[in-house]
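I opened the notebook to record what I looked up in this structure, starting with the aromatic rings and then turning to helix packing and the chain as a whole.

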Amino acid sequence: MAYDLLLNFIDQFGAVSLFLTLCLGVVGLPVPNEVVAITGGALSSGGLINTVPAFIFLYMGVCSGATVGYMLGKFSAQKLIRRFLRQPNIGKFMAKAEALNAKYGSFAVSISCFFPLLRNVMPYLVGVNGMGYRRFALFSYTTAFVWTSIYFIIGTFVGNRLDEINGLIDRYGYYSLGVLAVIAAAYAAIRLAVKRKRQSSKPDASAGL
């Protein structure tokens, strides 16, 4: 299975494999970016790879992948790129990207980061449309940092339960990981809210003494 190969790849090459998987796709693994990022966070939480390099390589992989798409759209033959993007399997995402870009302008680059495939098409589109690199970098790299942080932190909540996650993916597919991510995010939000509530109640308790 692709996820098993990803784990083996990380085991052999360490944190740099996270960058290679996201940016270059050298192993040809059909594994969503979210899965790679969560796995990186989980492995770093378990002490199997170093936390800081893992996060940096993940962030660099996301940024580099988007930059390659932008550069291809910016400097390659535009007719060829548009013909490729009009293919049946990609055409619907191209149409969504164009609609998003028309409605939200540069912010469409940020919005697309949170939607699979759409985030792959958008850099091509804005490159073809002539968006300047500085503007692209501002919206793309900033959002990539937020995206990486979210899924990396979710991965740290997973910790050493990768075997269980692997079983879920085998049985229910990658959608199960999306459900798990939502649950983990909700759990983290609840814990943060409870912590803030306790901190805000401490002064009131001391004042009543």
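I counted 10 aromatic pairs, taking rings of Phe, Tyr and Trp (its six-membered ring) as paired if their centres lie within 6.5 Å, with planes under 30 degrees apart called stacked, over 60 edge-to-face and the rest tilted. The model is predicted, and I kept to its limits: local features need pLDDT of at least 70, side-chain atom pairs count only at pLDDT 80 or more, and totals for chains, interfaces and linings use all residues. Residues are numbered from 1 along each chain as its sequence is written, and side-chain values use heavy atoms, with hydrogens and water left out.

I then looked at one pair, F107 and F139, whose ring centres are 5.1 Å apart and whose planes stand at 80 degrees, so the pair is edge-to-face. The pair joins distant parts of the chain, since F107 belongs to helix α7 (residues 107-112) and F139 to helix α9 (residues 133-158), 32 residues apart. Helices here are DSSP runs of H or I with at least four residues, strands are runs of E with at least two, and both are numbered from the N terminus.

Are F107 and F139 buried or exposed? F107 is exposed at a relative accessible area of 52%, whereas F139 is buried at 12%; buried means under 20%, exposed over 50% and partly exposed in between, with a 1.4 Å probe and protein chains only. I also noted that ring pairs link F55, Y59, F145 and F152 into a cluster.

Next I checked helix α3 (residues 33-45) against helix α4 (residues 51-75), which pack at about 170 degrees with axes 9 Å apart. The axes are lines fitted to C-alpha atoms over the stretch in contact, with angles from 0 to 180 degrees between N-to-C directions. The two helices are therefore roughly antiparallel, a label for angles over 145 degrees. On the α3 side V36, A37, G40 and S44 meet T51, A54 and L58 of α4, contact meaning heavy atoms within 4.5 Å.

Beyond residues up to four places away in sequence, A54 touches A15, L18, G40, S44, I49 and F152.

Last, I took the totals, finding 11 helices and 0 strands in the chain, with buried residues making up 42% of its 209 residues. Of the contacts with a separation of 6 or more, 73% come from residues 24 or more positions apart.

How values were computed
Angles under 35 degrees count as roughly parallel, over 145 as roughly antiparallel, 65 to 115 as roughly perpendicular and the rest as oblique.
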